[in-house]
Amino acid sequence: MKDCIFCKIAKGEAKSWKVYEDEHAYAFLDINPVSKYHTLIIPKKHYENIFDITEEELLKVISVVKKVVSLYNNKLGIKNVQIVNSSGAEAQQDVFHFHVHVVPRTLGDNQNIKWTTHKEWRETFDDLLAKI
Ligand code: 5GP
Ligand code: ZN
């Protein structure tokens with residue numbers, strides 16, 4: 001994809017801080033980190049998000065997620081991470097080249113992923129499942 005920043009990063013045409021790469025995937029530091037070693041893992045080929053990436057490519061990306069987390073665990077002793085993917089504008093995706101965030105977390109880091117839960121929606125579960 002011509003104007004995709006992550007395609008340019010994967011090809012070495014735009015500056016990035018590389019953590020790891022193999023034939024299929026590339027891992028680099030997020031330019032706006034929310035914690036130390038906040039990392040993005042992308043397929044080298046362009047896919048917009050979870051909806052169009054093939055299962056085969058997804059498995060390759062996830063295998064690099066595991067490698068990066070193991071690296072951080074072994075070298076830095078990191079033991080707490082959040083692994084996040086946003087797919088679609090309404091799901092707060094900003095860059096439309098599939099990517100997985102690895103966000104190391106520490107006590108008192110002032111970050112907080114907080115979902116609003118709706119226990120009362122349990123009564124709709126049977127209807128929801130009937131539709132799929
Ligand atoms: P999203 O909101 O799509 O899940 O996340 C996109 C992420 O890409 C953001 O955290 C943002 O900081 C990061 N990002 C956007 N442009 C660049 C860039 O040019 N280089 C790097 N390293 N990260 C970027
Ligand atoms: Zn791309």
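This is a predicted model: local features need pLDDT of at least 70, side-chain atom pairs count only at pLDDT 80 or more; totals for chains, interfaces and linings use all residues.
1. Ile132 counts as exposed because its relative accessible area is 85%, and the cut-off for exposed is over 50%.

2. Next, the ligand site. Ligand 1 has 15 residues around it, and the closest of them are Asp30, Asn32, Asp94, His99 and His101. If you're setting up the site for your own calculations, here are the polar pairs to look at. Asp30 puts a polar side-chain atom 2.5 Å from an oxygen atom of ligand 1. The backbone takes part as well: a backbone N or O atom of Ile31 lies 3.3 Å from a nitrogen atom of ligand 1, and a polar backbone atom of Gln92 is 3.3 Å from an oxygen atom of the ligand.

3. How much of ligand 1 does the protein cover? On its own, ligand 1 has 530 Å² of accessible area, and the protein covers 83% of that.

4. Now the inside. The largest nonpolar core has 14 residues, and the ones that touch the most other members are Ile41, Val61, Val64, Val68 and Phe98. Strand S2 (25–29), helix H2 (55–76) and strand S5 (100–104) are the elements that give two or more residues to this core. Which element gives the most? That would be H2, with five residues.

Technical notes: Residues are numbered from 1 along each chain as its sequence is written. Chains are lettered from A and ligands numbered from 1 in the order in which they are written. Side-chain values use heavy atoms; hydrogens and water are left out. Buried means under 20% relative accessible area, exposed over 50%, partly exposed in between (1.4 Å probe, protein chains only). A residue is near a molecule or strand if one of its heavy atoms lies within 4 Å of it. A polar contact is a pair of N or O atoms within 3.5 Å; within protein, one must be able to donate a hydrogen and the other to accept it, and residues adjacent in sequence count only if both atoms are side-chain atoms. Accessible areas come from the Shrake-Rupley method with a 1.4 Å probe; for residues, only the protein chains shown count as cover. A nonpolar core is a set of buried Ala, Val, Leu, Ile, Met, Phe, Trp, Tyr and Cys residues joined through side-chain atoms within 4.5 Å. Helices (H or I, at least four residues) and strands (E, at least two) are DSSP runs, numbered from the N terminus.
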